Amino acid sequence: MTNLEKKFAELKSANRKGIIIYITAGAPDVETSIRAVLEAEKNGADVIEIGIPFSDPMADGPVILKSSTAAIRNGMTVAGVLEVVKKIREKSQIPIVAMGYINNLLSYGFEKFVADSKSVGMDGVILPDVPHEESEVMRKICAEKDFHLMEFLTPLTTPERMKETCSSANGFIYGVSNTGVTGVKKIDFSKINSVIEKAREFTKTPMAVGFGIGGTESAIDAAEAADAIIIGSAVVSRLMDGRFDDAMKFVSDIRQALDKKYS
Amino acid sequence: MINVAEKTGKGRFGVYGGQYVPELAMHALIELEEAYEKFHNDPEFLAEFKKYLREYAGRPSNLYFAEKLTRHYGRAKIFLKREDLLHTGAHKINNALGQALLAKRMGKSKVVAETGAGQHGVATATVAALFDMECHIFMGKEDTERQKLNVFRMKLLGAEVVPVTSGTATLKDATSEAIRFWASNITDTYYVIGSAVGPHPYPLMVRDFQKVIGEEVRQQSMEKLGRLPNYLVACIGGGSNSIGLFHDFMKNPEIKKFGVEGGGIDDSKNARSLSGTGRPGILHGAYSYLLQTPDGQVIEAYSISAGLDYPGIGPEHSYFKDTGAATYDFVTDAEAIAGFQLLSKTEGIIPAMESSHAIAYLEKLMPKTREDEIVVVCLSGRGDKDVAHVAKYLGENIE
């Protein structure tokens, strides 16, 4: 069992909703991104999604585009992200998965990335520009190393496709809340919630919903059917604006709101 | 070590191509694949496409014997495929018409497109006006300033032009923004890609809508000369006019095919994905040659021609490069300007800066040819849009 799987099992037996926080490694600077991970854990984060910055992140909105550009300017690379995780591991055992675009990992070598990630204590990877159709070989490599490669659901996922993606799901399934890119905007979560309900017929893999969670209200809506929620832009924008404490308060507010509503 | 991106099969040219897009876009790609599968051989669809190509775009375009240019080199006969004479002034209209007709059949009410120089944006805005569709064009902020005339043309045609300031504010960022807009409005929006790039089925589809160029060349060459050409030359940014010219001749390996990339200023500032330091990678949905750093960050391409400065390349061209089915080379900005001037003076034809690269390549190619041979150059667009830029380059003030 990986750290990530243990965490989801714990959450389930405690009857709590999980919080996954996305942080771009190296933005606004390396030190702050490491501190943000450690503090986010103290404020209620259960899992960290550590962002590998790419020059052309087409699934991301303006906030993460900006943090990625800043991180690249700060010299962040795939190897640098692994170093960041190593540093975090000196102080915390919070489950960490990477979130990165495939081109950076191709340059690094996908197998090497999986092996090296595993050895620094990462549990999996989210590849936003690799749909199920293209991931067969990657899934095999990850499975051999007991490393999770996350599958996706969207409000438009058909039951046929769901059956296919759920059959190879592990770690958690990333439920994309809206028809768009990452970022904070008003979203009707009922669509993804019903897709998630449906997907539970095909898999026992935990489900997390992300995209567009900007406050406690949307966090509560997003968590309704899911096991966890994923927050990126709302935290990253505060970090990028130099509002570190505000970012952490945001995490702890969400924690309290979810515990109050669902526990 | 395994290269996890190298695959063969559906949507691949050799190992290149594929569908590297966010899950949300997969829904739209599957829908598009099904629609394209249904219509690309449908006689009614093809008849309508042909009708618009003929009546609206002005096809067939001439295969013009450039007698003075031929005399200038004193070698093979040079023919120009006059895509510059089409409505809106470039080959881009072929693809825009095809895709808009498909979008209409799919019941989409909005189209979105990216544009570099503005030619594809203008072509898309044109067909959107013709078919009553809402049109959003994403264009790098820098390009909107370099190409003010085309921005105004798009506005006149009723399109909304969105200047893109993210990243490097050029074509690659405009493409990412167009994809983002598409992903956000996927149910009623059709994404008109302007070149033979992007995820499957786009490279295949764009090729099919552009292959008329080569088919006409074959027919016209047989009618005029009773034989086929020996050499085909086209400029290459993403690779749509070149693939359009080459495709019908792929069954003739004896005919030599040249794709000419934007050589820019020097070895570090150029758009040479295939003829320079590019190596295979993934950008905008496809595995193909790409200008990138050792870490896999995309490098901004540069060329004097806004239509050529794209860091990627169509996946089929990557395949042709590896197999040797076509040759990829480059000419620099300065050489392209000389080509621009040469064609203007010898033939009275002002070519687009993009097409000027193909013309300029004749300096390298012609000395190797014989008088009894035939060279066909795709004159992909006309140069009106570039006149101000060229004047500035040559130090003339026409403001």
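Four salt bridges turn up across the interface of chain B and chain A, a salt bridge being a side-chain nitrogen of Lys or Arg within 4 Å of a carboxyl oxygen of Asp or Glu. One pairs A:Glu134 with B:Arg12, with the closest N and O atoms 2.6 Å apart. This is a predicted model, with local features needing pLDDT of at least 70 and side-chain atom pairs pLDDT 80 or more, while totals for chains, interfaces and linings use all residues. Residues are numbered from 1 along each chain as its sequence is written, chains are lettered from A in the order in which they are written, and side-chain values use heavy atoms, leaving out hydrogens and water.

As for the overall contact (heavy atoms within 4.5 Å), chain B puts in 43 residues and chain A 39. Together they bury about 3400 Å², 59% of it from carbon and sulfur atoms; buried area is the accessible area (1.4 Å probe) that two parts lose on being put together, summed over both. On the chain B side, B:Val4, B:Glu23 and B:Arg180 supply 22% of the area buried against chain A, more than any other three residues.

Within chain B, the axes of helix 5 (residues 119-130) and helix 7 (residues 148-156) come within 9 Å and cross at roughly 10 degrees. Axes here are lines fitted to C-alpha atoms, for helices over the stretch in contact, with angles from 0 to 180 degrees between N-to-C directions; helices are DSSP runs (H or I, at least four residues), numbered from the N terminus. The two helices of chain B are therefore roughly parallel, the term for angles under 35 degrees.

Technical notes. Angles under 35 degrees count as roughly parallel, over 145 as roughly antiparallel, 65 to 115 as roughly perpendicular and the rest as oblique.
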